[in-house]
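Student: I would like to learn to read salt bridges in a structure. Please walk me through some cases.

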Amino acid sequence: MLPNEFKPFVRLGDSRVPQWQFAGVGASMSCLLHASKRLKGVTTPDDLTGVQASVEYVSGVGLAADTSESVWKISDFSIFNELQKPIAVVSPGLHKKHHRCAKSKGSPLVIFQNLECQRRFGIPRSQSACCTLVNSLADDKRNTWNDWELEILRGNKVHKSKIDIYALLKPLFQGVAREKPDCLVRVESKPIKVQTSSSGEVQTAIMHIAELDASTEDLRVTAMHLRSPIHTLMFNSKGELLAANTTALKACHTHIPGGAVETITLHTLFDMGLYPGGELEAHSCYEEAVNAVFNLQLTWRHMQPHCSRKDGKAKWSMIEMWPMHDPVDASSAVLVKRYNITEHKELEIQLATRQGDLLRQNEDLEQESLAMQGEKDRLQQEAEKLAQRLQAVLKGKFLERGSFDADTPIDKTLGYLQSIISGNSPSLQQALELHSILTQSDTNLRQPVDLKEQLLMGRMGSDVGHSMLQMLQGETLRPQGRRRTTERDDTPAPWSWHAPVVDTLDFESAESYTMSLESSVPASVVPEVERLLKTAEDSWQFDIFAFAEATQGHTLSLLFFHLVKQSGLLQVLGFDIPRLCCYLRKMDAGYDPSNPYHNSIHVASVVQMTHMLLCHGGIMQNKVMDRGTLWSTYWSALVHDYEHGGVNNDFLIKTAHPLAVTYSDDSPLEHHHIAAAVRVFLEPECCYIVMCPPQSLSSDEIRVARSCAITQVLGTDMRKHFDILSRFQAAFKASPATSLGTGNPPGSLGQCLNWDEVKAEDKTLVHQMVLKCADIGHLAADYRTHRQWSFKLEEEFFRQGDKERELGLPISPLMDRDQKGGMTKSQMGFFSIVGIPLFQALAGLFKEAQPMLDGVLANYKHWEASSKALPSPPQTMVPSSEP
């Protein structure tokens, strides 16, 4: 029967070893010796049960008991033959002074091995054979062996390690072959004292117990995992490395030279890539992968570019990630496999190349079989071309030169397409000519090509040509033959007939007249006004509301005069300053302060943004405008909303307002703004243009400036927005040469253009774009100012809706005061559809205007953040300046 003192230890598992005591005997290996003596010679089943209990005790407790004071005899080890774990008692080598190149003075010797150890690893080698194998090891492996043994002997306690069992036992046992694969197992080692001879000599030895509980299938899977060329790794949800095969660890250590295993994380795999976007793109891919695997529980695949460290060539790897659970603690984990797909891609290219070669060979054979037919077709086409050339020569010789070509661009396009449909091959020259016509910004698809040149240079006569041009295009030109031969054309413009003609104008003396503009500003706030005026000269985000508070009633006139003076225009235009100041006061008074949005403060902000675009946005730097068009642009900003009634064009048209009737429903507000401002200019006390040399504007300059101002103000009608924007983009888009890599770099086109050679029509588009951007310039203001303008416009829209309700008219969209949100709901749509493309187009031509675009994008992000915090209503495009 099993002794009573052993009953508490029957069937103890590895993970359930208790803290035990019995009959005054401590937890030591001496009890095991005592048990072995009592169990000798047992023959009954009950005694065998005792043997099994002792075996399970040794299996469960292992070396946990204290054996430091026990002395073992060789015969005592026979009990370990009952265990299914390999156990070996080894006498260590004699370690002297240990350094990197030192060799052991002795060699290990196997004192005992149990039957399981003999079955797995064979019989022990002789001491001389063992010494030879140990000394033949490489220095690093031999030093590792010595360090491992010394650590066990010095510790005098159970030493647990996870090592390659075959590397450990290869010098000791004959059954361990060189070709054995790696097998990492847990080994418990403990120094013990062993009596090895009958004389009682006691020496120190090491008892090793190997935990080989894995199945044969597990061992094979482990070997395959370690030897696999595919990088295989396991990470937890924090990105920490849990396990990896040898190939993966080598690759990671190559990327992180000298780095420990603990430094390898999931992010390391993405840092190994060579992304075009650098670390930011690598981090973005990492975040996307973590979200897909751990949050969405999705299998994730990613193609990663990288540079080979062997040959420096660009290669590709595939990273595959599967969500899983850690088999140890069931926490979230991810299995990652990384393998090279460069060879696969190269093989695909090779196969595609070979297939292409075969197809080309087949095509060559077919071409050879059709050679005769092709030659016949070629000769026939050549004959047709010769006939066409002959006909063209005869036509040019016998027909009247300068005959009128009435074909419009549409006619030429349809003829070109019809030629292709008929099976003919139009010449390259025809295609280039048609491309040139259709890409010109001033092309009218329903008007004969080059109508102006045909009329003025034909044989019908100069007077007839100008008459026809006026009838067909509404354009009047003075025939060249009637032009005066003087250097300047001093014919006064119609609106300058009332202007005084003086000999000289002292600009500095005119400064006294400007004092009247500041007369109503309290002396206490004059320093603040001066500071704000200085800020307005070069600020893309000027605080217009602070300036209006300090200059109530004179905001527009003060700011306009100061900015024009700072631009240098007043010094070169020779204006009558007192009359100009009078004109500015009347402009200031012509804006209704009761309008929440379309008032003098809005116009002042437009003037300031116009100044920034002209002086700091690339216009003056690149000499895009002359002095006349520069002045007309400032003036257009000043008058572009003059006498605005607080309602839009649609309201005027629906109510048959006299302005809508007068201008036949064609931009009635814009037409009135410029017409009313010109009427004020024609008043004697306001006609500031002085017709005297050498500074005054010539009649031609005035005519061009007036034409420029009209197109600019009319261009603020949002109904013309897309027409102007599309023409502008077509006029200044990259040419075909640019697309081939020979054009100008992005953002520098405005600097590279020779503006003296740019067509007047294309320059007009630039003029219109400047005022259009300034008109909705509050989109680029600081967010507080921009938001204030948005709500002011909303209130003005609501007031129009109130009027429509009173008149029984349908209330316009976003103008119903009873509907929550109003115009502010449309901001993101307006930014995306109108605002951002408009500012991007101008900043794309003039990179100096980039700060303006940056302000627009910043405000868009504010609206975007606000929309995410609230339910998202459908977005409707409503202009942020004028409907």
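The dialogue below goes through salt bridges and their surroundings.

Tutor: This is a predicted model, where local features need pLDDT of at least 70, side-chain atom pairs count only at pLDDT 80 or more, and totals for chains, interfaces and linings use all residues. Residues are numbered from 1 along each chain as its sequence is written, and side-chain values use heavy atoms, with hydrogens and water left out.

Student: How many salt bridges are there?

Tutor: A salt bridge is a side-chain nitrogen of Lys or Arg within 4 Å of a carboxyl oxygen of Asp or Glu. The count here is 22.

Student: Where do Glu116 and Arg119 lie?

Tutor: Both are in helix α3 (residues 115-121), 3 residues apart, about one turn of the helix. Helices are DSSP runs of H or I, at least four residues, numbered from the N terminus.

Student: Is Glu116 buried or exposed?

Tutor: Buried means under 20% relative accessible area, exposed over 50%, partly exposed in between (1.4 Å probe, protein chains only). Glu116 is buried, at 7%. Arg119 is exposed, at 58%.

Student: Which residue forms a salt bridge with Asp650?

Tutor: Arg719 does, with the closest N and O atoms 2.2 Å apart. Asp650 lies in helix α25 (residues 649-654) and Arg719 in the loop between α28 (699-714) and α29 (721-731), so the pair ties together parts that are 69 residues apart in sequence. Asp650 is partly exposed, at 36%.

Student: Which residues are linked in a network?

Tutor: Salt bridges link Glu795, Arg799, Asp802, Arg805, Asp816, Arg817 and Asp818. Arg817 and Glu795 meet at 3.2 Å, N to O.

Methods
Helices (H or I, at least four residues) and strands (E, at least two) are DSSP runs, numbered from the N terminus.
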